[in-house]
Amino acid sequence: MIEVLPIFTNSPLRNFSYLVYSNRTGEAYCIDPFDAKSILTHTRSLGVKIKGILNTHEHGDHTQGNLELKEETKAIVYGHKDAKDKIPGLDKVLKEGDIVFSFEEESLVVWDTPGHTFSHLSFVRKNPKTILGIFSGDTLFNVGVGNCFRGGDPNVMYETISSRFETLPDSCLLYPGHDYWENNLKFAEHVDPKNEFRENFKSKVKPFQVSEIGEEKKLNPFFRRNTNSVKERLVSLNETISDDRSVFLTLRRLRDHW
């Protein structure tokens with residue numbers, strides 16, 4: 001069984017790094033290292049050794065620990081093929097469908113998930129029966145999606161969310177690149193005011209809570225774009241919406257200025 005340790009960086013950007021590892025073999029992979037020293041402290045505590053460093057995308061807050069961690073562990077740095085000159089220490093490129101880690105019947109598989117940037121990967125933890133979790137970087141957050149003004153495109157983000165992330169099973173765990181629970185819940189209240197599930201869920205949210213995709217489908221306005229609550233609210237804000245894509249793009253634009 002593959003184990004997952006979320007590491008909150010306590011930075012102003014509220015980044016998450018993740019250790020994905022096997023207790024039995026001691027093999028570990030680090031996703032989006034922010035603070036190398038903190039990550040190394042955790043590996044020593046767990047008794048594991050990092051073999052690979054996986055970057056979801058090229059932005060500095062997801063790669064800034066690469067070089068120090070690589071120097072200390074001799075791990076291989078992996079990233080998107082189109083970010084060769086942007087990711088520090090990149091050794092090998094990854095593409096859709098690559099398996100980066102496997103243990104017993106579980107594996108970590110690469111998805112190409114553009115939108116936030118055009119060099120964005122997500123890592124899917126799965127077994128032969130189902131997808132267990134997804135490390136979504138800056139594509140999908142708790143109650144939100146990533147911005148697109150630092151090398152991405154909201155139309156492409158719409159395609160990625162609607163064609164990939166909405167197909168995930170309800171039980172799939174979401175491991176995003178940042179903890180944006182608080183702000184995203186406030187934005188959701190603004191654009192989706194009649195969501196009773198959210199109001200009940202809010203009182204149960206714990207710090208750094210890991211959500212399931214099934215919960216996100218009931219919480220996240222970017223998933224709930226076809227509900228009357230969202231559509232009526234956008235109309236009341238004098239927004240012009242015509243189809244599914246236009247609702248998504250309007251929500252993304254409003255969130256940019258929130």
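## Surface and charge

The model is predicted. The accessible surface of the protein is about 11600 Å², and carbon and sulfur atoms contribute 49% of that area.

## Overall fold

Nine helices and 13 strands make up the secondary structure of the protein. Its radius of gyration is 18 Å, close to the 18 Å that the globule rule gives for 258 residues, so the protein is as compact as a globular protein of that length. Along the principal axes, the C-alpha atoms fill a box of roughly 55 × 40 × 35 Å.

Of the 258 residues, 54% are buried. Among contacts with a separation of 6 or more, 57% are between residues 24 or more positions apart.

## Helix α3

Helix α3 spans residues 66–73, and its buried residues are Asn66, Leu69 and Thr73. Seen down the axis of α3, these buried residues fall within an arc of 75°, so they line one face of the helix. In general, an α-helix has 3.6 residues a turn, so residues three or four places apart point the same way. Glu71 and Glu72 are exposed, on the face of α3 turned away from its buried side.

The buried residues of α3 pack against two helices, α1 (36–46) and α2 (60–63). They also pack against the strands β3 (27–31), β4 (49–54) and β5 (76–80). After α3 comes Lys74, which has a positive phi, near 60°.

Key. Residues are numbered from 1 along each chain as its sequence is written. This is a predicted model: local features need pLDDT of at least 70, side-chain atom pairs count only at pLDDT 80 or more; totals for chains, interfaces and linings use all residues. Side-chain values use heavy atoms; hydrogens and water are left out. Helices (H or I, at least four residues) and strands (E, at least two) are DSSP runs, numbered from the N terminus. The radius of gyration is taken over C-alpha atoms; the globule rule is 2.2 Å times the number of residues to the power 0.38. Buried means under 20% relative accessible area, exposed over 50%, partly exposed in between (1.4 Å probe, protein chains only). Contact means heavy atoms within 4.5 Å. Accessible areas come from the Shrake-Rupley method with a 1.4 Å probe; for residues, only the protein chains shown count as cover. The arc is that of the directions from the helix axis to the C-beta atoms.
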